[in-house]
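User: I am new to this kind of reading. Please take me through the model step by step.

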Amino acid sequence: EDLYDPRDIRGIDRAIELISESIENEEKIFIFGDYDVDGITSTAIMYLTLKDLGADVGYRLPERLTEGYGMSVNAVKELHRKGCNLIITVDNGIKCHKEIELAKELGMKVIIIDHHIPGDTLPEAEVIIDLYVEGETYPFLDLAGCGLAFKVSCLLYEEYGFGKEGYKNLDLAAIGSVADVVELVDENRVIVSEGLKLINKPSYNRPGVLALLEVFQTARGTVTSTDIGFKLGPALNAPG
C-alpha cells in the first residue's frame with residue numbers, strides 16, 4: 001500500500017504499449033543490462049516478466065573489461081544479427097546516443113529504463129523512463145535501476161491480467177537496491193523491507209539466491225540487508 005502507482009511515471013504507458021505490440025507481433029526483444037548487481041537484477045526482473053507474458057526475449061550484459069559500461073556499437077550490431085526488433089535498456093542507456101542512433105538506423109526500436117542523471121541532450125529512443133529527466137512528476141525519484149524495472153514489471157503484469165503477480169520480484173529489487181547503495185527511504189525502504197520478508201519466507205523458491213545463501217551458510221528466515229550488502233552483492237558482482 002505504501003508504493004506509488006507506476007502509471008504516474010512519465011513514458012510508462014507508451015513503454016507498455018510498445019512492449020505489448022512486440023509480444024503480439026512475436027518480435028524478438030532483448031534486455032540490455034549491466035554487469036553490476038543492480039544491472040543483473042534489473043535484467044532478471046524484465047527478462048522473467050517478459051517470459052511470463054509469452055515474449056520472445058533474450059538478454060545481453062556488457063563484458064566489464066572489454067566493453068565497459070553501457071551499450072556499445074558492436075553489441076548493437078550483434079543484437080541486430082540475432083534478429084532483435086526491440087531493445088529495452090535497464091540500468092543504462094540515458095547517455096548511449098550513438099549506440100541508440102545506430103539501433104534506429106538498423107530498424108530496431110529502443111526503450112530506455114535508467115536511473116542515471118542524463119546529459120544535456122537525450123538519446124533518440126522511442127521511450128525514455130528516467131526519473132531524473134527534467135519535468136518528472138513521480139513522487140520519489142531515487143529508485144535504483146532494479147526499482148524502476150520493478151515498477152515497469154508490476155504494471156506489465158497488471159495490464160496482462162496477472163494482478164499483483166509482479167510483487168514476486170520484490171526479492172530481486174531488494175537485492176539490487178541494497179547493492180547499489182541507494183538511500184533506504186520512501187519507496188526504496190518499502191522495496192527492501194518487503195523483499196527481505198519474501199526472501200525469509202519458508203516458501204521462497206528463487207534457486208540462484210537460495211544457492212548463494214547456502215554457500216554463505218545463511219539460514220532462510222535470518223537474511224538481513226547486511227547479508228545482501230556483504231555476501232549476496234559481492235558474489236553477484238564478482239563474475240561481472
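Analyst: Start with V181, which is exposed because its relative accessible area is 70%. Buried means under 20% relative accessible area, exposed over 50%, and partly exposed in between, with a 1.4 Å probe and protein chains only. This is a predicted model: local features need pLDDT of at least 70, side-chain atom pairs count only at pLDDT 80 or more, and totals for chains, interfaces and linings use all residues. Residues are numbered from 1 along each chain as its sequence is written, and side-chain values use heavy atoms, with hydrogens and water left out.

User: Where does V181 lie?

Analyst: V181 lies in the loop between α6 and α7 (186–199). Helices (H or I, at least four residues) and strands (E, at least two) are DSSP runs, numbered from the N terminus.

User: What should I read from phi?

Analyst: Most residues other than glycine have a negative phi. V181 has a positive phi of about 55°, although it is not a glycine. E26 is another residue other than glycine with a positive phi, near 55°. E26 sits in the loop between α1 and β1. With a relative accessible area of 68%, E26 is exposed.

User: Now the sheet. What is the order of its strands?

Analyst: Two strands pair if DSSP finds at least two bridges between them. Here 5 strands form an open sheet in the order β2-β1-β3-β4-β5, with parallel pairing. Its edge strands are β2 (56–60) and β5 (127–129), each pairing on one side only. On average, neighbouring strands of this sheet are turned by 20° against each other, direction ignored.

User: Over how many bridges do β3 and β4 pair?

Analyst: Strand β3 (residues 84–90) pairs with strand β4 (residues 109–113) over 5 bridges, in the parallel sense. V90 has I113 in β4 as its bridge partner. T89 stands opposite I112 in β4. β1 and β3 also pair in the parallel sense over 5 bridges. There, I31 has I88 in β3 as its bridge partner.

User: Is β3 covered or exposed?

Analyst: β3 is mostly covered, with 6 of its 7 residues buried.

User: Next, helix packing. At what angle do α2 and α5 pack?

Analyst: Axes are lines fitted to C-alpha atoms, for helices over the stretch in contact, and angles run from 0 to 180 degrees between N-to-C directions. Helix α2 (residues 37–52) packs against helix α5 (residues 145–159) at about 10°, with their axes 8 Å apart. That makes α2 roughly parallel to α5. Angles under 35 degrees count as roughly parallel, over 145 as roughly antiparallel, 65 to 115 as roughly perpendicular and the rest as oblique.

User: Which residues meet there?

Analyst: Contact means heavy atoms within 4.5 Å. From α2, the residues include D38, T41, S42, I45 and M46. In α5, they meet residues including G145, C146, A149, F150 and L156. By class, this contact has 10 nonpolar, 5 polar and 2 charged residues. Ala, Val, Leu, Ile, Met, Phe, Trp, Tyr, Cys and Pro count as nonpolar, Asp, Glu, Lys and Arg as charged, and the others, Gly among them, as polar.

User: Is S42 buried or exposed?

Analyst: S42 is in helix α2. S42 counts as buried, at 0% relative accessibility. Leaving aside neighbours within four places in sequence, S42 contacts V90, D91, G145, C146 and A149.

User: Which strands does α5 lie across?

Analyst: α5 lies across β3, β4 and β5, and runs at about 120° to β4.

User: How do I read a nonpolar core?

Analyst: A nonpolar core is a set of buried Ala, Val, Leu, Ile, Met, Phe, Trp, Tyr and Cys residues joined through side-chain atoms within 4.5 Å. The largest one has 41 residues. Those with the most contacts inside it are I29, M46, L50, I88, I111, I113 and I129. Elements giving two or more residues to this core include α1 (12–24), β1 (28–32) and α6 (170–179). Its largest share, 9 residues, comes from α5. A second, separate core of 16 residues includes A75, L79, C84 and I87.

User: What does L50 touch?

Analyst: L50 touches I19, I23, I29, I31, A55, V57, I88 and L156, not counting residues up to four places away in sequence.

User: And E99: where does it lie?

Analyst: E99 lies in helix α4 (residues 97–105). At 10% relative accessibility, E99 counts as buried. Apart from neighbours within four places in sequence, E99 contacts M71, S72, V73 and V76.
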